[in-house]
Protein chains: 2
Amino acid sequence: MAKFMDVHTGFVDGTEDQLREVHERALAAEASEGVRFERMWLDPEAGKVFCLSSGPSKEAVLRVHDKAGHPTTEIYELQIEVGRRADLSDTGRSCG
Amino acid sequence: MAKFMDVHTGFVDGTEDQLREVHERALAAEASEGVRFERMWLDPEAGKVFCLSSGPSKEAVLRVHDKAGHPTTEIYELQIEVGRRADLSDTGRSCG
């Protein structure tokens, strides 16, 4: 399983309820594609949403967003991850 | 404390060692600004690095990156976060 960050725009003044709806619709659609959404963050000033997920491919993640009604085309495969020892079981693991 | 995502470009073909160095230099500089870097991810194909942190302000986070030798100007305040119940103590908490 690879890890991904996808980005959505157009959420200026977005609320927690809106982000929760995006997340819940993604969770409802993810199983059919073998995707798992971990976390989503919203900057309501910039209108940007960042979604952290794992799954078999970029295309699978984007299909989940399509099915959930929140399409995007901006996605990155996070082949490499580092973090604090407290946050990762092994600091500096590869996600690829 | 607010939560932030900042983005760096220019890391095409970046390696795990390079990302670890960015992270370690940030950790060495963060305390003076009251910032805490949580995780960093690298997409070596796009050359993008995403850094998740908490701290008092965007400016404080950017100053840490400046001090660490990896300046950027692209940063977002993640006022709202949602996640799976297993990943967050309370799903859908506000970070602002």
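A helix, as the word is used on this tour, is a DSSP run of H or I at least four residues long, and helices are numbered from the N terminus. Please keep in mind throughout that the model on your screen is predicted.

Start by selecting helix 2 of chain A, which spans residues 58-67, and look for A:Ala60, A:Val61, A:Leu62, A:Val64 and A:His65, which are buried. If you then display what covers these buried residues, you will find that the cover includes helix 1 (16-30) together with strand 1 (2-8), strand 2 (36-43), strand 3 (48-55) and strand 4 (74-77), which belong to chain A. Following helix 2 of chain A you come to A:Gly69, where phi is positive, near 85°.

Next, select strand 3 of chain A, where eight of the eight residues are buried. One side carries A:Lys48, A:Phe50, A:Leu52 and A:Ser54, while the other carries A:Val49, A:Cys51, A:Ser53 and A:Gly55, and both faces are covered. Strand 3 of chain A runs antiparallel to strand 1 of chain A, with seven bridges joining them, and here you can pick out A:Lys3 opposite A:Ser54. Strand 3 of chain A also pairs with strand 2 of chain A, again antiparallel and over seven bridges, and there A:Asp43 stands opposite A:Lys48. Between strand 2 and strand 3 of chain A the hairpin has four residues, and A:Gly47 takes a positive phi near 75°.

Notes:
Residues numbered from 1 in each chain as written. Chains lettered and ligands numbered in written order. Predicted model: local features only at pLDDT ≥ 70, side-chain atom pairs only at ≥ 80, totals over all residues. Heavy atoms only, no water. Buried < 20%, exposed > 50% of the residue type's maximum accessible area, 1.4 Å probe, protein only. Helix = DSSP H or I, 4+ residues; strand = E, 2+ residues; numbered from the N terminus. Contact = heavy atoms within 4.5 Å. Pairing = 2+ DSSP bridges.
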